[in-house]
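Dear colleague,

Please find below the structure I promised to pass on to you. My notes on what was found in it follow directly after.

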Amino acid sequence: MGKPTGFMEYERRGNPSEGPRERVKHYDEFHPRLSREDRRRQGGRCMECGVPFCQSGAELHGMVSGCPLHNLVPEWNDLIYTGNFAQALERLLKTNNFPEFTGRVCPALCEAACTCGLHGEPVTVKDNELGIIEDAWEKGLMVPRPPRARTGKKVAVVGSGPAGLAAADQLNRRGHSVTVFERDDRVGGLLMYGIPNMKLEKPVVERRAELMAAEGVEFITGADVGGSVSAAQVLEEYDAVVLCCGARQPRDLQVEGRESTGIYFAVDFLSRTTKSLLDSQLKDRQYLSAKNKHVVIVGGGDTGNDCVGTCIRHGCKSVVQLEMMPKAPDQRTADNPWPEWPRVCKTDYGQEEAIALFGQDPRRYQRTVKAIKADDKGNVKSVVTVGLEFREEEGRRVMAEVPGSQEELPCQLLLIAAGFVGCESYTAEAFGVRCTPRSTVEAGTDYRTNVEKVFAAGDMRRGQSLVVWALREGRQAAREVDAFLMGYTNLE
């Protein structure tokens, strides 16, 4: 341990944040990093406790506590404190292929399980992780390291989201020749078009793809496998195929007036803004604008919050975010003890910005859309919302409408951010792989599908989840593919 008393001497200090009123003027990241010396002190807060829950990835009461990648958190925190950033990088990359992604967008399961958080503030694990990798990029340590020998085996990875990139990176390091097929015009999948620029600037994704390409990974964009690219041809040309197409089938809203114009899925809204931003800094106007509109967002999760932040940057007139569930408590309750994931209310960046600009939290709890009203041209003009409450019906606890709770809200743009119901079926059908009733690809713990040499990983296999879980899935799938191709594996 670098500083046995560090957790008592140094206060937690996270990366600072630009003020809401200033950051809404741009689409860039707004968390400048701490200096090296300040980062060292934050690393010194790590207790290197006897049981590091931060790296456990253990399931407690249906929720995961600690990092699913089993990052060696105490080791690299100690190395940060002693100033050995190059060695810290080595230990970090041992378990995490892309800490520049998780260091920005992960909800930090590690920090929720940090022992320091039991009676005080947890260690800034997520910021420390980001500090290590960004320091490495700045110091020129992230250079191509192609494998010394090739196995002669060819692997196709379908999808370049976090799971696909992790699988491709691992398999390439093993010496297999990897080709990644991406149907969009840029590499990154969810990382490129599903996560707004404010959370993950796209040059961060591009530089990693360029590094992987320099190490031997081939990327083919605009290649829709199962559509414009024949699945049969891919099966014929490659020794193994890994399907990592995500869970991009959005959950729809089945209410009166759904056919009105001005209603979009959140993933389409966010993707088109990002693409227009990258193509022309929004000058081409090839995006769904919220400017001067009253916006209603159905869904209180991270995607809904991203929509709030994006709509504010467009210049919306107002924004309301509907959440079916009750507001979570502000502090842990007795039935949610450490080190379980804390079921507490989180106010994210978009909601902070709405509070600063409009004077109130955009979230309205236990409400949903009951009907949509359109004008004489078919454009949405308002939504009728209704309150919800829990009731017991036939032994089950269900959400039911509260009588007399209807409220009409002005709305010229309605965004559906109600989650996803599984993968788009056409790629799975093209390969002939079976799907589950949840519309995910059926693949066991060995990531194998019912089709010989076809594997599946990420959200396509487990359903909508976190980036860190996608990385875990991609790494584990790569291990199984390697064993299938070589008869054994030395991948971790």
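Helices here are DSSP runs of H or I that span at least four residues, and they are numbered from the N terminus. In this model, which is a predicted one, Cys110 lies in helix H7, made up of residues 109-112. Because its relative accessibility is 9%, and buried means under 20%, Cys110 counts as buried. Apart from neighbours within four places in sequence, the residues in contact with Cys110 are Cys54, Gly66, Cys67 and Val125. Pro52 stands 58 residues away from Cys110 along the chain, and the C-alpha atoms of these two residues are separated by 9.5 Å.

Turning to the protein chain as a whole, there are 18 helices and 18 strands, and 52% of the 492 residues count as buried. A compact globule of 492 residues would have a radius of gyration near 23 Å, and the protein chain agrees with this because its own value is 23 Å. Taken along the principal axes, the box that the C-alpha atoms fill is roughly 65 × 60 × 55 Å. Where contacts join residues at least 6 apart in sequence, 67% of them link residues at least 24 apart.

The side chains include 64 positive and 69 negative ones, with the centres of the two sets lying 2 Å apart.

Technical notes
Residues numbered from 1 in each chain as written. Predicted model: local features only at pLDDT ≥ 70, side-chain atom pairs only at ≥ 80, totals over all residues. Heavy atoms only, no water. Helix = DSSP H or I, 4+ residues; strand = E, 2+ residues; numbered from the N terminus. Rg over C-alpha atoms; globule rule 2.2 N^0.38 Å. Buried < 20%, exposed > 50% of the residue type's maximum accessible area, 1.4 Å probe, protein only. Contact = heavy atoms within 4.5 Å. Lys, Arg positive; Asp, Glu negative; His and termini not counted. Charge placed at Lys NZ, Arg CZ, Asp CG, Glu CD.
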